[in-house]
Amino acid sequence: MPVPAPLPGLLVRGATIVDASGERPGDVLIRDGRIVEVGDVHTATDERVLAATGRYLTPGLIDCHIHLCYEAGPDPRAMTKKTDPQLAVEAREHAHATLMAGVTTARDCGGRGFVETSVRTAIQSRQIEGPRLLTSGHPIVRKGGHMSYFGRQTETVEDCRRAAREQVAAGVDWLKVAATGGVTTPNVDPRAAELTEEAIRAVVEEGAKDKRPVAAHAHGGDGIRNSLAAGVRSLEHGTFLDETMMRTMVAKGVFLVPTLVATRAMIEAGAAKGVPEFAVRKAEEIDPIRRRAFLQAVDRGVQIAMGTDAGTPFNPHGANAREVELMVEAGMTPQQALEASTITAAKLLGIASEVGLVEPGYIADLLVLAKNPFEEPAAYRRDLVAVAQSGRVLLDRTSV
Ligand SMILES: [Zn+2]
């Protein structure tokens, strides 16, 4: 796929800017991939102009939990029938679909064979198009536990430390642990802890040597407590969060990545579409609990970063923005949902001075929407008119 040449400059004219700071009118001037001016811009030079009068300009979305190696079919274990080169071909397509849906930055929360990390590197060097990616390599899991069919299986604390070192050595940006069972693996219980506090701490310590933070997949309370005590940066899913855990998260600055769409998509598709019955049953059990915990976490001031678990059953790459709608449906305001999907997500990823706002100095990852996302949270999905990444326009339907 051809990669557009760098542009001399870009002027987005006439839009209403909508980001975590609120709404205001303003032109946006971009040079060398960064926003250099916001407001009433007068320029005599030959920037490309994106006419956006009557439209809405937002930061690109940031999805903190995707799986490029998952195909979004009924059962993620389909991966076991594929070779790494096959996964790589698919992961590249998934990355492209993600970007064209307005997700300009994403964190991959677990793949196989460092396929997702190779895709990241190819995107960085502009060989292929995709979101700015941070990857975590193989999830570090208990032997026989959740995601063990592709994760790095471990049996001891020392083994966890070695597993973390292996991922870092392969060039990952993050580390991922499965602190509890999960939905899509048979014979594991989301309520049950699968790694001890000591095991997770070994991963945290090993990652810290090279500044690689840890994301913990955690549904049940014991696994959440183990993760928080061990010092993870983000909790993925967070189904059985209670008041004490939420206070700890606020005090320690731990983020919650809710991934509401994952269970919803499995329930909607159901066994009728081939989702394994054990997965549908677990998804139905935890879905209402997760939504309650999410709303409570919002109320208690836990930092929420958007994530979809894209690639899980019927949760396809490129439909990521649906999570924004579900966060609003579960009780966030549209402005809170935008914040979670942009600047707060950037904070979790450690790049909040680079992406997530429409302000001078920020990288020009921008979306043009036909409707105001503060009035219509589905606008990111239904009314996406243009996508720019680092100032390069990758999708432009402004004249349609
Ligand atoms: Zn996941």
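Trainee: Which residues coordinate the zinc ion here?

Mentor: In this predicted model, the zinc ion is coordinated by His65 and His67, each through NE2, and by Asp309 through OD, at 2.1 Å.

Trainee: And how are those donor residues spaced in sequence?

Mentor: The spacing reads H-x1-H-x241-D.

Trainee: Are histidine 65 and histidine 67 buried or exposed?

Mentor: Both histidine 65 and histidine 67 are buried.

Trainee: New topic, then: what is the strand order in the open sheet of three strands?

Mentor: The order is 8-9-10, with parallel pairing. Strand 8 (61-66) and strand 10 (132-134) each have a single partner strand and stand at the edges, so one side of each is left without a neighbour in the sheet. On average, neighbouring strands of this sheet are turned by 15° against each other, with direction ignored.

Trainee: How many bridges hold strand 8 and strand 9 together?

Mentor: Strand 8 pairs with strand 9 (residues 103-108) over four bridges in the parallel sense, and isoleucine 62 stands opposite threonine 105 in strand 9.

Trainee: What about strand 17, which residues cover its faces?

Mentor: Strand 17 (residues 366-369) is covered on both faces, with Leu366 and Val368 buried on one side and Leu367 and Leu369 buried on the other.

Trainee: Which residues stand opposite leucine 366?

Mentor: Strand 7 (residues 56-59) runs antiparallel to strand 17 and is joined to it by four bridges, with proline 59 opposite leucine 366. Strand 18 (residues 384-389) is also joined to strand 17 by four bridges, again antiparallel, and there alanine 388 stands opposite leucine 366.

Conventions. Residues numbered from 1 in each chain as written. Predicted model: local features only at pLDDT ≥ 70, side-chain atom pairs only at ≥ 80, totals over all residues. Heavy atoms only, no water. Donors = N, O, S within 2.8 Å, 3.2 Å for Na, K, Ca; no water. Buried < 20%, exposed > 50% of the residue type's maximum accessible area, 1.4 Å probe, protein only. Pairing = 2+ DSSP bridges. Helix = DSSP H or I, 4+ residues; strand = E, 2+ residues; numbered from the N terminus. Axes fitted to C-alpha atoms, helices over the stretch in contact; angles between N-to-C directions.
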